[in-house]
Amino acid sequence: MKSLGLALGLIVVLLVAAIFILPAVIPASTYREPVETAARDALNREVSLDGDIALQIFPQLQIRASNVSIANAEGFGEDAFAEMREMRVGVRLIPLLSRRVEITEFVLVEPTIRLAQNRRGNNWTFTPPDAAAAAPSTEGTGFVRREGALPIEASFGDVRIENGALYFTDGSQSRAITGLDLSVALPSLDTETRVTGALNADGQSLSFSANIGSIRDFFEGRETPVMVGLGGNLADLSFAGRILAGEAIAYDGELDATIPSVRALAAFAGAPLPAGENLERFRAAGQLSGAPGEISLNARTLALDAISGSGSLAVNLAGQRPMISGGLVLTELDVNPYLPTANDTAAPTSSGGIPPWSEAPIDLAGLGIVDADLSLSVDRLLVQAMEIGNARLRVNLRNSRLEVRLENIALYEGQGSATVVANNRGRQPSYSVEAQLTGLDAGPFLEAAAGFDKLRGTGALTINLLAAGQSQSAIMNSLGGSGNFSFADGAIVGINIAETIRNVSRLVGGGETDGETADADAATTGEEQTTDFSALTGSFTVANGQVSQQDLLMLSPLLRVTGAGTVNLAAQTLDYRLQPRAVASIQGQGGERDLRGITVPIRLRGGFNTVSVGVDTEAVGQALLQGALSNALGSQGTTNPRDALRDGLLNAIGIGPEGEGDAAPAGEEPAVQPDPAEQLLRGLLNQRRNRNQQPAEEPAGDPQ
């Protein structure tokens, strides 16, 4: 028995000696090559342990290796796929006997991983090509949470990554994560696990943390509490909730997220937005839920730039582009910062008028970032200078085509609906606008919509316009469509048509206007001048940027005005004629004069910033002369032709035959008045003679 005891004691001594002494005396080369060979066979890559190797067996199995590298795949360069300055792994031996894994240490010091992708594939697939081709399909057999999925016991002690780096390139873009520090605390699979870390990604500093109630509960499909935090220059996010019970990874909880700059985050994610000063600060707070590829947010607070409100949003990530759907309630929505703009803006004119249309390209690339189907309720909607109240909108964005339907709007005391489309699917962008508006207060509406402040009244407007082009200039040159309008109880600002008729009649009749001789081709204009109307109607067509309007009709107790002409939007010019005719007595200085039937054409023409307004004196003269000649010819044989011509001219302008004018005071001889007919004829003849004598290179002198 004594000999047996000595033998057993000797065996124990030898085992202890082997455990503690042999690792120190056995050369590293003895197990360096077997480790490299085993790793090479497992990864199908060359694995090199170029630095020191240390092995410890008891009380824990521990391996330390320095200068470890894994070769890159063929065709991806000479740099190693992965390398690290030091790797330390420690596992307790005794717990392994009872199927318990206790990792005392897993530390990677300065690991560097280089991921690459090209037309041939990627460098992180370690399966040999022939094995990959022969492997059975595993599509649809992803990770499933189920009971018994984690039947072991385990704990992790010191698990860290120190100063790691991860690089990615696909030939068109490169991404870099540096300064990666990661720490995992996992006392057991049944207690809370905590992960903390920090990194620099493409120059942006990020910190992160996560708490998971139980790793075993998560793997085996039971409800698991979870908390996630993210901080840094790109985002400040907190989520406190749970992973729901079941096979899929579904979750819900409370979210509070702030993004200082959506533009910076989009650029970081590899999807930079078009240049602009919008899409900066974003905040969302509310109930978040989701599953793989789906996210839903029921938000108490939503804010983007100056826009704020509440609502619900859902994001589906399964398609080619993220799909956003839901409904929002907003207090105010100013869309001007988000409208497509030219890359440079035409400078205004020196007088502050309308600038020329820009030739710079308009960037609609932002329409291709996401798809969307949203309903919006907006108390106050701002579009350019227009203000719309109580708006109900439907926004549909599909594959770079945006359609906005304003289903119900309150607009400058009126109501209406409109549909606006911007389509960037084709070779060049296209646009369309359809609108039906009633009860409009025309003055503020037209000034806000088109900078036009010359019309007042209440009425209705219908438009249907189409355009295409990559710049403001191209859009205006391609504009086409039609429309009509009807306004009541208003005024045209800037011209007094009745006073213009009086001035012309006084001129022809030899009178004066305000103590000065009347100017035949000058209309009575000015900011303080107006022409009231009871009704104003018309329609128009648009082709290649030119508006044609032929049926203007304006009615008032004193006047009936028709109009026709063109407005060349592309060239920013107009040529328009008004045909006002007095239909009642017009009271003016110097007594009452019946001017019924008198038509005094008024012409508007020139550039948008240099419009001239004047009486078409040539048309007046031709009309008067034609009427006089007609009267004279009809009176031949009964009256002297010269007197008949004179009387015809007087009748044409509303002045009765000689002797029917104002009587001279009693006892006085009637004043000798110039013969109006002779005066008009002389003027017309002189005007014609002067025109014929003008040099060819000089302007023709047509009246404005």
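Here is a short tour of the model, one selection at a time.

Before you start, note that this is a predicted model, in which local features need pLDDT of at least 70 and side-chain atom pairs count only at pLDDT 80 or more, while totals for chains, interfaces and linings use all residues. Residues are numbered from 1 along each chain as its sequence is written, and side-chain values use heavy atoms, with hydrogens and water left out.

**Colour by confidence**

Colour the chain by pLDDT, the predictor's confidence in each residue, from 0 to 100. The mean for the protein chain is 77, and 71% of its residues reach 70 or more. Now select residues 12-22, where the pLDDT is below 50 and the model has six contacts beyond near neighbours in sequence; contact here means heavy atoms within 4.5 Å. Residues 684-689 also stay under 50, with four contacts beyond four places in sequence. Where pLDDT is low, predicted coordinates should not be read in detail.

**Glu 36**

Select Glu 36, in helix H3 (residues 29-43). Helices (H or I, at least four residues) and strands (E, at least two) are DSSP runs, numbered from the N terminus. Is Glu 36 buried or exposed? Its relative accessibility is 18%, so Glu 36 counts as buried; the cut-offs are under 20% relative accessible area for buried, over 50% for exposed, and partly exposed in between (1.4 Å probe, protein chains only). Show the side chain and you will find that it reaches the backbone nitrogen of Leu 49 at 2.9 Å. Leaving out residues up to four places away in sequence, Glu 36 touches Val 47, Ser 48 and Leu 49.

**Arg 45 and Phe 81**

Next, select Arg 45 and Phe 81. The charged end of Arg 45 sits over the ring of Phe 81, 5.4 Å from its centre. To count, NZ of Lys or CZ of Arg must be within 6 Å of the ring centre and within 35 degrees of the ring normal.

**Glu 220**

Move on to Glu 220, in the loop between helix H5 (215-219) and strand E12 (224-232). Glu 220 has a relative accessible area of 9%, so it is buried. A polar atom of its side chain lies 3.4 Å from the backbone nitrogen of Leu 150. Setting aside neighbours within four places in sequence, the residues in contact with Glu 220 include Arg 145, Arg 146 and Leu 150.

**Gly 231**

In strand E12, pick Gly 231. With a relative accessible area of 13%, Gly 231 is buried.

**Phe 239 and Tyr 251**

For the aromatic pairs, rings of Phe, Tyr and Trp (its six-membered ring) must have centres within 6.5 Å; planes under 30 degrees apart are stacked, over 60 edge-to-face, and the rest tilted. By this rule there are four aromatic pairs. Phe 239 and Tyr 251 have ring centres 6.1 Å apart and planes at 85°, so they are edge-to-face. The pair links strand E13 (residues 236-243), which holds Phe 239, with strand E14 (residues 251-259), which holds Tyr 251. Phe 239 is buried at 10% relative accessible area, whereas Tyr 251 is partly exposed at 22%.

**Asp 256**

Finish in strand E14 with Asp 256, which is partly exposed at 31% relative accessible area. Which side chain joins that of Asp 256 in a polar contact? That of Arg 283, at 3.1 Å.

How values were computed:
Polar contact = N/O pair within 3.5 Å; in protein donor to acceptor, adjacent residues only side chain to side chain.
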